[in-house]
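Me: Hi! I've got a structure open and I'd like to learn how to read its features one by one. Can we go through it together?

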Amino acid sequence: MKKIAVIMGSDSDWPIVKGAADQLKELDIPHTVRVISAHRSPEAAAEFSKHARENGYAAIIAAAGKAAHLAGAIAANTTLPVIGIPVKSSTLDGLDALLATVQMPSGMPVATVAIDGAKNAALLAAQIISVCDEEIANKLSVMRREMTEKVLSKDKKFEEEFSYKI
Ligand code: RP5
């Protein structure tokens, strides 16, 4: 099976990024976790992304905070799908990272999830893998069904307990 790369700009991003790794593990999707910074280790960022496809990756998740150029810098050197997680690690509450990650120039896409949206980044990566992997596609369908069932049962509970009829 193809792997997913999970890259973060600093180890201080790990408490958030761990959510992506945990979700990938739950789906049994092989992944590599790296600390690579667009600013502090730019050569490593270029090296990793240039060779990511031949190294068996299907997609790259890149998480960074503040002036979050990591996902864009990774995207600059690969045509693999890049998923950006803007991390809330600054006094600007992650809005800085969101804008830096999402506002890519035309021709260089980064699929940006919500601020600290690590779980969705992993699910999107899984959905990319699921295009050619029926087992992952089935696991994602089961997850969706379970999610729907939970909401339906909460709906039933609230309707029964809190509706007021005259
Ligand atoms: C970004 O700067 C990192 O992704 C992190 O979110 C933020 C702070 O990094 P540290 O100073 O904690 O290493 O590049």
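Me: Let's start with F158: is F158 buried, partly exposed or exposed?
Reply: Relative accessible area settles that: buried means under 20%, exposed over 50% and partly exposed in between, with a 1.4 Å probe and protein chains only. F158 has 48% relative accessibility, so F158 counts as partly exposed. Before we go on, this is a predicted model, where local features need pLDDT of at least 70, side-chain atom pairs count only at pLDDT 80 or more, and totals for chains, interfaces and linings use all residues. Residues are numbered from 1 along each chain as its sequence is written, and side-chain values use heavy atoms, with hydrogens and water left out.

Me: Okay, and how many helices and strands does the protein have?
Reply: Both are DSSP runs numbered from the N terminus: helices are H or I with at least four residues, strands are E with at least two. Here you'll find 6 helices and 5 strands. From the N terminus on, their order is β-α-β-α-β-α-β-α-β-α-α. The protein has 166 residues, and 40% of them count as buried.

Me: How do I check a helix's length? What span should α5 have?
Reply: The expected span is 1.5 Å times one less than the number of residues. Helix α5 (residues 118-130) has 13 residues and should span 18 Å; its end C-alpha atoms are 18 Å apart, so the two agree.

Me: Which elements do the buried residues of α5 pack against?
Reply: Look for contacts, meaning heavy atoms within 4.5 Å. The buried residues of α5 include L123 and I129. The buried set packs against β1 (3-8), α1 (14-26), β3 (57-65), β4 (82-87) and α6 (134-162).

Me: Now the rings. How many aromatic pairs are there?
Reply: In general, you describe a pair by the distance of the centres and the angle of the planes. Rings of Phe, Tyr and Trp (its six-membered ring) pair if their centres lie within 6.5 Å; planes under 30 degrees apart count as stacked, over 60 as edge-to-face and the rest as tilted. This structure has 2 such pairs. In one, the ring centres of F48 and Y57 are 5.3 Å apart with planes at 50°, so the pair is tilted. Both F48 and Y57 are buried. F158 and F162 also make a tilted pair, with 5.1 Å between centres and 45° between planes. F158 and F162 sit 4 residues apart in helix α6, so about one helical turn separates them. F162 has 54% relative accessibility and therefore counts as exposed.

Me: Which lysine lies over the face of Y57?
Reply: The test is that NZ of Lys or CZ of Arg is within 6 Å of the ring centre and within 35 degrees of the ring normal. K3 lies over the face of Y57, 4.3 Å from the ring centre. Likewise, K157 lies over the face of F158, at 5.8 Å from the ring centre.

Me: What about backbone angles? What is phi of D28 near?
Reply: Most residues other than glycine have a negative phi. D28 has a positive phi, near 60°. D28 is in the loop between α1 and β2 and is exposed, because its relative accessible area is 56%. Phi of D93 is near 60° too. D93 belongs to the loop between β4 and α4 (95-102), and at 49% relative accessibility D93 counts as partly exposed.

Me: Last one: where is S37?
Reply: S37 is in the loop between β2 (31-35) and α2 (42-51). S37 is buried, because its relative accessible area is 9%. A polar atom of the S37 side chain lies 3.1 Å from the backbone nitrogen of H39.

Definitions and conventions: Polar contact = N/O pair within 3.5 Å; in protein donor to acceptor, adjacent residues only side chain to side chain.
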